[in-house]
Amino acid sequence: MPPRKRRTVYPPPRNATRPPRPGEPGGPGGPPIGEPYVRPTVASINLSASTGRAGLKVGDRVRINGTGLYAGELATIEKLASGAIPSAVVRTDAGRTRQVRTIDLEPVSAAPPAAAQAAPDATVADVPDASEG
């Protein structure tokens, strides 16, 4: 006796409706249908970045704002580049370099080195005399 013929299975049609994914409108954890929905993978473009930040020059101390690598770190401007979006090559205090949009740089006042801040000046009264003891 020959084996039974297998049932033919067809893939769903391309225009078939599927249930919404989690986070999408109408899906679990998503906004109700009809409200504006911004996809999380869409990049937001800062249109004011093309103007750049005025007043920056090579050697200035800056703080890197925004998001991404080295955000919040202090750095020194090594090179400025003009273009559609002005940028600068900066070297962080940790010694790493990165190219950053000038709109993401915030000038900071020149501070003395960290070693000078940490160690207060020693006075003569604090130093023991060699004849004592």
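This is a predicted model: local features need pLDDT of at least 70, side-chain atom pairs count only at pLDDT 80 or more; totals for chains, interfaces and linings use all residues.
Five strands form an open sheet in the order β4-β3-β2-β1-β5, and their pairing is antiparallel. The edges are taken by β4 (97-101) and β5 (105-107), each of which has a single partner strand, so one side of each is left without a neighbour in the sheet. From one strand to the next, the twist averages 45 degrees.

Within this arrangement, β1 and β2 run antiparallel and are joined by three bridges. R61 takes part in this pairing, with T76 in β2 as its bridge partner.

## The nonpolar core

The largest nonpolar core comprises 10 residues, namely L56, V62, I64, Y70, A75, I77, A88, V90, V100 and L105. The elements that contribute two or more residues to this core are β1 (61-64), β2 (74-81) and β3 (87-92).

V62, itself one of the core residues, illustrates how these parts of the chain meet: when its neighbours within four places in sequence are left aside, V62 is in contact with L56, E73, L74, A75, I77, V90, L105, E106, P107 and V108. Among these partners, L56, A75, I77, V90 and L105 are also listed as members of the core.

## A loop residue, L69

L69 is located in the loop that lies between β1 and β2, and it counts as exposed because its relative accessibility is 52%, where the cut-off for exposed is over 50%. Although L69 and V100 are separated by 31 residues in sequence, their C-alpha atoms are 9.8 Å apart in space; V100, for its part, is a member of the largest nonpolar core.

Conventions
Residues are numbered from 1 along each chain as its sequence is written. Side-chain values use heavy atoms; hydrogens and water are left out. A nonpolar core is a set of buried Ala, Val, Leu, Ile, Met, Phe, Trp, Tyr and Cys residues joined through side-chain atoms within 4.5 Å. Buried means under 20% relative accessible area, exposed over 50%, partly exposed in between (1.4 Å probe, protein chains only). Helices (H or I, at least four residues) and strands (E, at least two) are DSSP runs, numbered from the N terminus. Contact means heavy atoms within 4.5 Å. Two strands pair if DSSP finds at least two bridges between them. Axes are lines fitted to C-alpha atoms, for helices over the stretch in contact, and angles run from 0 to 180 degrees between N-to-C directions.
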